[in-house]
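This report describes the fold, surface and selected residues of one protein chain. The sequence and the model are shown first.

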Amino acid sequence: MRVTLIEDDDEREAAWARLEAQWPGYRAYERDSGCTVRLFRLQSVGQPGRRP
């Protein structure tokens, strides 16, 4: 897996839309806490079940 922090505002909004479709109200934590929740992109690399 390759893990990358999502920093682009448009990509963050798209990620939040997908997250809230699965877990409605989850973004309220970010709004209520005043903290920025870090969102990450996971990308598969290589073949499943094989280690580099």
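## Basis of the description

Helices (H or I, at least four residues) and strands (E, at least two) are DSSP runs, numbered from the N terminus. The model is a predicted one.

## Fold and overall dimensions

The protein chain contains two helices and two strands. Read from the N terminus, these elements follow the order β-α-α-β. The radius of gyration of the protein chain is 14 Å, whereas the globule rule gives 10 Å for 52 residues; the value is well over that figure, so the chain is more spread out than a compact globule.

Along the principal axes, the C-alpha atoms of the protein chain fill a box of roughly 40 × 20 × 20 Å. Among contacts in the protein chain with a separation of 6 or more, 64% are between residues 24 or more positions apart.

## Surface and charge

The protein chain has an accessible surface of about 4,600 Å², and carbon and sulfur atoms account for 49% of this area. Of its 52 residues, 15% count as buried.

The side chains of the protein chain include 9 positive and 9 negative ones. The centres of these two sets lie 12 Å apart.

## Nonpolar core

Five residues form the largest nonpolar core of the chain: Ile6, Ala15, Trp16, Val37 and Leu39. Within this set, Ala15 touches Ile6 and Leu39 when residues up to four places away in sequence are not counted.

Arg12 is located in helix α1. Its relative accessible area is 13%, and the limit for a buried residue is under 20%, so Arg12 counts as buried.

With neighbours within four places in sequence left aside, Arg12 is in contact with Ile6, Glu7, Glu30, Thr36, Val37 and Leu39. Ile6, Val37 and Leu39 are also members of the largest nonpolar core.

Glu7 lies in the loop between β1 (2-5) and α1 (9-22). Is this residue buried or exposed? The relative accessibility of Glu7 is 61%, and exposed means over 50%, so Glu7 counts as exposed.

Glu7 and Glu30 are separated by 23 residues in sequence, and their C-alpha atoms are 15 Å apart in space.

Notes
Residues numbered from 1 in each chain as written. Predicted model: local features only at pLDDT ≥ 70, side-chain atom pairs only at ≥ 80, totals over all residues. Heavy atoms only, no water. Rg over C-alpha atoms; globule rule 2.2 N^0.38 Å. Buried < 20%, exposed > 50% of the residue type's maximum accessible area, 1.4 Å probe, protein only. Contact = heavy atoms within 4.5 Å. Areas by Shrake-Rupley, 256 points an atom, 1.4 Å probe, with all protein chains shown as cover. Lys, Arg positive; Asp, Glu negative; His and termini not counted. Charge placed at Lys NZ, Arg CZ, Asp CG, Glu CD. Core = buried A, V, L, I, M, F, W, Y, C linked by side-chain atoms within 4.5 Å.
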